[in-house]
Amino acid sequence: MGDDCGTVRVLDSLAGVDPRQWNALAGDHPFLRHELFHTLHETDCASERTGWLPRFVTLWQDGRLSAAMPLYLKSHSYGEYVFDWAWAEAYQRHGFAYYPKLVSAVPFSPVQGPRLLAADDEARGQVLRAALTLAGDASSLHVLFPLPEEAGMMAEAGMMLRRGVQFHWRNPGYRCF
């Protein structure tokens with residue numbers, strides 16, 4: 001997919017993505033770093049075999065990565081920390097397949113953070129629209145633990161929001177992860 005605003009590519013690996021470009025979009029969030037995703041894929045922890053097929057939506061402008069959305073085609077709901085078994089059962093009772101579904105998340109980590117990695121809202125909107133288009137090949141698109149401002153953008157795009165509660169423990173005496 002391409003236009004004047006860049007070219008959207010769906011990647012099944014981050015192996016060909018410059019880690020510096022990816023990490024510049026991820027900012028200081030340790031769970032979104034290129035090294036973590038690449039390691040999860042290369043060690044087969046998050047892979048098609050384990051039900052986490054990478055389908056990263058990326059936006060490229062002038063040969064540089066300008067936006068990205070970590071996305072997986074899931075064949076089950078394990079490792080997401082969101083319990084949607086009732087949805088899967090409801091789909092089955094009505095003769096529909098719930099899997100595969102698309103999930104934007106950090107595998108095995110119930111960590112809130114950016115899911116639309118970009119410098120501006122226009123680029124965020126482009127990768128979100130591309131993910132919604134890609135969702136046509138799945139039962140649904142789930143974005144787990146996004147930032148509130150991203151959730152607002154997703155609601156404006158017509159997505160339903162799930163309200164949940166997380167409890168956070170803070171220990172201000174420690175200076176690093």
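Is Ser-109 buried or exposed? In this predicted model, Ser-109 counts as buried, because its relative accessibility is 13% and the cut-off for burial is under 20%. The residue is located in the loop between strand S7 and strand S8 (117–118). Its contacts, leaving aside neighbours within four places in sequence, are Phe-31, Gly-79, Tyr-81 and Phe-145.

A residue in another loop provides a contrast. Phe-83 lies between strand S6 (72–74) and helix H3 (85–93). With a relative accessible area of 67%, Phe-83 is exposed, because the term applies to values over 50%. Together with Tyr-78 and Trp-85, Phe-83 forms a nonpolar patch on the surface. The accessible area of these three residues together is about 420 Å².

The strands may be considered next. In a regular strand, side chains alternate between the two faces of the sheet. Strand S7 covers residues 101–104: Lys-101 and Val-103 point one way, while Leu-102 and Ser-104 point the other way. All four of these residues are buried. S7 is paired with S6 through three bridges, and the two strands run antiparallel. His-142 in S9 is the bridge partner of Val-103.

The interior of the model can now be described. In soluble globular proteins, nonpolar side chains tend to be buried together. The largest nonpolar core of this model comprises 22 residues. Those with the most contacts inside this core are Val-57, Met-69, Leu-71, Leu-102, Leu-116, Val-127 and Leu-141. Two or more residues each come from strand S4 (56–61), strand S5 (64–69), helix H4 (121–134), strand S9 (141–143) and helix H5 (148–156). Helix H4 gives the most, with six residues.

Not counting residues up to four places away in sequence, Leu-116 touches Ala-68, Met-69, Arg-124, Val-127, Leu-128, Glu-150, Met-153 and Met-154.

Definitions and conventions
Residues are numbered from 1 along each chain as its sequence is written. This is a predicted model: local features need pLDDT of at least 70, side-chain atom pairs count only at pLDDT 80 or more; totals for chains, interfaces and linings use all residues. Side-chain values use heavy atoms; hydrogens and water are left out. A nonpolar core is a set of buried Ala, Val, Leu, Ile, Met, Phe, Trp, Tyr and Cys residues joined through side-chain atoms within 4.5 Å. Buried means under 20% relative accessible area, exposed over 50%, partly exposed in between (1.4 Å probe, protein chains only). Helices (H or I, at least four residues) and strands (E, at least two) are DSSP runs, numbered from the N terminus. Contact means heavy atoms within 4.5 Å. Patches are made of residues with over 30% relative accessible area and no salt bridge: like charges are joined within 9 Å, nonpolar side chains (Val, Leu, Ile, Met, Phe, Trp, Tyr) within 5 Å. Accessible areas come from the Shrake-Rupley method with a 1.4 Å probe; for residues, only the protein chains shown count as cover. A salt bridge is a side-chain nitrogen of Lys or Arg within 4 Å of a carboxyl oxygen of Asp or Glu. Two strands pair if DSSP finds at least two bridges between them.
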